Structure formats: structure tokens, C-alpha cells
Amino acid sequence: MARKVTTQRKVIMTAIAWALGILIFFPILWTFLTSFKSEADAIASPPQFLFFHWTTENYAEVQSRSNYLSHFMNSVIISFGSTLIGLIIAIPAAWAMAFAPTKRTKDVLMWMLSTKMMPPVGALIPIYLLFRNSGLLDTRIGLVIVLTLINLPIIVWMLYTYFKEIPGEILEAARMDGASLMKEIVYVLTPMAVPGIASTLLLNIILAWNEAFWTLNLTASKAAPLTAFIASYSSPEGLFYAKLSAASTMAIAPILILGWFSQKQLVRGLTFGAVK
């Protein structure tokens, strides 16, 4: 029997949820508002929230100073490319760990997860030297490779969790009907795990889109994504808050829109298998 929720409890929980939502969203809102201020208004004390002289000159100057479309295309290729390659590698790996485990499977999963605990700067020098000697510095393919390797443990772990919720008897029935291993994965397993795969895809696109450490250290200009585009407005001459906010707004807008329109799929995938 479900426990009855009182109106007072609903009101309190709704108020808490709205407060947390506003608290989380406020930095984005403040960045958006600052992008329409002059540099003087951006550093005014006390801060001006809505009552200031609105201007779009920051966006015009950012666009004239930088090639936004080039950085945008680099971000799209790097984030989507690394995520798709990661899925191609991770789906068979997660299948093996979920449906054909060995006594070392859990150790392998923990080892993969432990690689995310190492500070990225600890691996910067060897990776930088490898990229320099291989001619991969400031290339899209180089960033696709490194971001694939960085996010692969998360992709494998998420898919492994989703695959574990699928009854193994269904795959056994497919084998009895003569399905090969490839057909079992492509035509039986993958369609059943679409919500989980979709949420994994979306989450890792966001992670790759927002990755700053490797993109700033392994690129210069040719393959620089939007994270480098933002960083270019922090210079020794000073920190120009209004222009930096305009650049940040232009950089986060595409991924924010993607997350907004795919939020139902994302939530459905993240809760896949949670309710029996």
C-alpha cells in the first residue's frame, strides 16, 4: 500500500526542488545577463541584475575577433566522434562483462573506474610527447582518440549496468534460433537497451563537449574547440568579464539546447531498470 503524501509535504518538496533548481541554474543565468552588459557594468559594485544598459556589442566583438563556427564544428566533430567510437568499443565489452563474466570481470571494472581517479595532469607529459612524435598535436583525430580513452570507462560502466537489467534468457533464445554473436548484439541486445544507450550517448557528448584540460593542452588553433574559444578571452592584459560571458554563452548554448530537448530520453535512460 502506497504511503499517502500530504499537501503540506508536496508544497515543501516542490519549494525545495525549485530552490535547488534556481541555485544550480543561477550561474548560467548570471553569465547570460553579463554577456549583455558593458565592461563597466559587468564589474559594477553592487552588481546590477536587470537594470543596466543592455547591449549586444560583446557578441559582435567576439564574432569579429574569433571564428565561432570553426570552433563549433571542432566541438561537434570531437564530442560526437569520440562518443560514437566509444560506443562501438564499449557495447561488445559491456556485453561480455554482463552476459559472459569471468572471475576477473569485477576486477577489470574496478580497474577501469580507477583510471578516472588519476589527475589528468599526471598523464599530460607522456601523452603530449606521444602526440608530438605522432603528429597528432592540434588535430581533431588526436582529440577524438584521447577523449574516447578518457570517457570509455564511464561508457562501459553505464552500458554494463543497463545490460545487467536485460534477462539473459532472451539472448539464449536468440542463440537457439541460430543468431550469431554479432546478430545477437546488433538485432537483439542493442534495440532492447536503446534508452540506456541513448542516455549514455547524451551524457558522454556533454562530457566531451565540456572537456577543457586536454583540449587546451593538446590544441593551438586548427582543432581548438569551444572550450579553447572561451579561454582565449582570459589574457595577460586582463579578464574582460562581459566578452568572456558572451563567449561562454555562445559555447554552452548548443549543448544546453540539446540537453533541454533530450531531457526526457536522458532521464528515462538514467532510470532504466530502476523500477521493477
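Predicted model: local features only at pLDDT ≥ 70, side-chain atom pairs only at ≥ 80, totals over all residues.

Reader: Is I24 buried or exposed?

Author: The general idea is a cut-off: a residue counts as exposed when its relative accessible area is over 50%. I24 has a relative accessible area of 65%, so this residue is exposed.

Reader: Which residues make the nonpolar surface patch?

Author: The patch is made by I12, M13, I16, L20, L23 and I24, and its area is about 620 Å².

Reader: How many helices and strands are there in the chain?

Author: The chain contains 14 helices and two strands. Its C-alpha trace spans about 70 × 65 × 30 Å along the principal axes. Of the 276 residues in the chain, 36% are buried.

Reader: How is the packing of two helices to be described?

Author: In general, one gives the angle between the two axes and the distance between them. For helix 4 (residues 68-99) and helix 10 (residues 194-210), the axes come within 9 Å and cross at roughly 140 degrees.

Reader: Which term applies to the orientation of helix 4 and helix 10 to each other?

Author: An angle has to be over 145 degrees to count as roughly antiparallel. The axes of helix 4 and helix 10 cross at roughly 140 degrees, and the two helices are therefore oblique to each other. As for handedness, helix 4 passes helix 10 in a right-handed crossing.

Reader: Let us turn to the backbone. Which peptide bond is cis?

Author: The bond from S45 to P46 is cis, and its omega is near 0 degrees. P46 is found in a loop, between helix 2 (39-42) and helix 3 (57-65).

Reader: How many salt bridges does a search of the whole structure find?

Author: The search finds four. The criterion is a side-chain nitrogen of Lys or Arg within 4 Å of a carboxyl oxygen of Asp or Glu. One of the pairs is E39 with K243, whose closest N and O atoms are 3.5 Å apart. This pair links distant parts of the chain, since E39 is in helix 2 and K243 is in helix 13 (residues 241-261), 204 residues apart.

Reader: Which side chain meets that of E61 in a salt bridge?

Author: The partner is K243, with an N to O distance of 3.8 Å. This pair also links distant parts of the chain: E61 belongs to helix 3 and K243 to helix 13, 182 residues apart. K243 is buried, with a relative accessible area of 14%, whereas E61 is partly exposed at 37%.

Reader: What joins the side chains of R104 and D107?

Author: R104 and D107 meet in a salt bridge, at 3.4 Å from N to O. R104 is exposed, with a relative accessible area of 53%, and D107 is partly exposed, with 43%. Elsewhere, salt bridges that share partners join E39, E61 and K243 into one network.

Definitions and conventions. Residues numbered from 1 in each chain as written. Heavy atoms only, no water. Patch = residues over 30% accessible without salt bridge, like charges linked within 9 Å, V, L, I, M, F, W, Y side chains within 5 Å. Areas by Shrake-Rupley, 256 points an atom, 1.4 Å probe, with all protein chains shown as cover. Buried < 20%, exposed > 50% of the residue type's maximum accessible area, 1.4 Å probe, protein only. Helix = DSSP H or I, 4+ residues; strand = E, 2+ residues; numbered from the N terminus. Axes fitted to C-alpha atoms, helices over the stretch in contact; angles between N-to-C directions. Parallel < 35°, antiparallel > 145°, perpendicular 65-115°, else oblique. Left-handed = near helix turned anticlockwise from the far one by under 90°.
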